[in-house]
Amino acid sequence: MTSICIITGSTLGGAEYVADHINNVLTEQGFEVELYNQATLADIEGKSNLLVITSTHGAGELPENIQPLFKDLAHSTADFSSMKFGVIGLGSTDYDTFCNAVNIVEETLKAKEATQICESLRIDVVNNFDHDATAEEWLPSFIENL
């Protein structure tokens, strides 16, 4: 059985709602899923498949609940070369830093030699009102590359 670790970066709860939905979809499809809303480095070390679902906060930053993890990750000497990952981002095109948290996640994980297995999904919350359905439509592009 394939195991997937989902971590969320959320300020107002939008990314957590999407993560809960994706968790349910993956579980129904027979995947073993671990979901962390306050992930630590220990939670993701040794994981083969990581799905990061995050909003963008402030001036293009990661939400506060995920900042410590990515700070620790950037300074970690652990081996992440066998990790595959995908990213779902939520943001507003009203800002010039639209979904910049996705860029931070991609850059940090790639710098640790993790492999991005599909194009990241960037959901514009201004024009897209069904985030769950949009994420679910994207999900096969992640699953088929595990």
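In this predicted model, E34 and K47 form a salt bridge whose closest N and O atoms are 2.9 Å apart. The contact ties together parts of the chain that are 13 residues apart in sequence, because E34 belongs to strand 2 while K47 sits in the loop between helix 2 and strand 3. It is one of two salt bridges that the structure holds.

- Strand 2, which contains E34, spans residues 32-36.
- The loop that carries K47 is flanked by helix 2 (41-44) and strand 3 (49-55).
- E34 has a relative accessible area of 24% and is partly exposed.
- K47 is likewise classed as partly exposed, at 21% relative accessibility.

**The R122–E106 salt bridge**
- A salt bridge joins the side chains of R122 and E106, with an N to O distance of 3.8 Å.
- This pair links distant parts of the chain, 16 residues apart: R122 lies in strand 6 (residues 121-124) and E106 in helix 4 (residues 100-111).
- R122 is partly exposed, its relative accessibility being 32%.
- E106 counts as buried, at 12% relative accessibility, a value that falls under the 20% cut-off for burial.

**Annotated domain**
- An unreviewed UniProt entry assigns the annotation "domain: Flavodoxin-like" to residues 4-143.

Methods: Residues are numbered from 1 along each chain as its sequence is written. This is a predicted model: local features need pLDDT of at least 70, side-chain atom pairs count only at pLDDT 80 or more; totals for chains, interfaces and linings use all residues. Side-chain values use heavy atoms; hydrogens and water are left out. A salt bridge is a side-chain nitrogen of Lys or Arg within 4 Å of a carboxyl oxygen of Asp or Glu. Helices (H or I, at least four residues) and strands (E, at least two) are DSSP runs, numbered from the N terminus. Buried means under 20% relative accessible area, exposed over 50%, partly exposed in between (1.4 Å probe, protein chains only). UniProt positions are given in the numbering used here, feature names are shortened, and annotations may be inferred rather than shown by experiment.
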